[in-house]
Amino acid sequence: MLFKMFGCYKDTPSQPELNGKEITLSSINVKECAKGCNSEGFPYMGIMAGSRCLCGNEYGRLGTVPREECNYTCPESPGSTATKACGGPTTTSIYYASDSDPVTRVDRVFIAYPAASTWQAARKDCVKRNG
């Protein structure tokens, strides 16, 4: 399972940044959250407030915040001592999760169009600009 953090995003408990599905895990960690979201068909996953695994097809509707605001950490995988950003009191750490490696393709587009919230939006903007 591959996962890459895209950034730290605003949210509220009643309106989470990713609103596709919440995955219940016995212990929050990035790898299991990514696997759960991927198995449900969602390309993006996030951990909100260090305790909620959320999935979705798009993100960014509430806006970004500095990465420092995603100051909660959780294990990268079960039993791991390595940690990853797992949101903050009112933030979600958003990751791309996949079994394959389209991350390289996504990275190239997002480098040119970092404000885009989906690969499709970045591609559309690129085509519109004759890119």
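1. Helices here are DSSP runs of H or I spanning at least four residues, numbered from the N terminus. The structure under review is a predicted model. Helix α1 covers residues 30–39, and several of the points below concern this element.

2. Within α1, Lys 35 and Glu 32 are 3 residues apart, about one turn of the helix. An α-helix has 3.6 residues a turn, so residues three or four places apart point the same way. Lys 35 and Glu 32 form a salt bridge, with their closest N and O atoms 3.7 Å apart. Lys 35 is partly exposed, at a relative accessible area of 37%, and Glu 32 is also partly exposed, at 24%.

3. Which residues of α1 are buried? They are Val 30, Cys 33, Ala 34, Gly 36 and Cys 37. Viewed down the axis of α1, these buried residues fall within an arc of 165°, and therefore they line one face of the helix. The cut-off for a buried residue is a relative accessible area under 20%; Glu 32, with 24%, is accordingly counted as partly exposed.

4. The two ends of α1 also deserve a remark. After the helix comes Gly 41, which has a positive phi, near 90°.

5. A further salt bridge joins Glu 40 to Lys 21, the closest N and O atoms lying 3.3 Å apart. Glu 40 belongs to the loop between α1 and β3 (44–48), whereas Lys 21 belongs to strand β2 (residues 21–23), so this pair ties together parts that are 19 residues apart in sequence. Both partners are partly exposed: Glu 40 has a relative accessible area of 39%, and Lys 21 has a relative accessibility of 35%.

6. Side chains of opposite charge can pair when their charged atoms come close. Another case is that of Glu 76 and Lys 84, whose side chains meet in a salt bridge with an N to O distance of 3.7 Å. Glu 76 is partly exposed, with a relative accessible area of 26%. Lys 84 likewise counts as partly exposed, at 28% relative accessibility.

7. How many salt bridges does the structure hold? The total is 4, among them the pairs Lys 35 with Glu 32, Glu 40 with Lys 21, and Glu 76 with Lys 84.

Terms used:
Residues numbered from 1 in each chain as written. Predicted model: local features only at pLDDT ≥ 70, side-chain atom pairs only at ≥ 80, totals over all residues. Heavy atoms only, no water. Buried < 20%, exposed > 50% of the residue type's maximum accessible area, 1.4 Å probe, protein only. Arc of directions from axis to C-beta.
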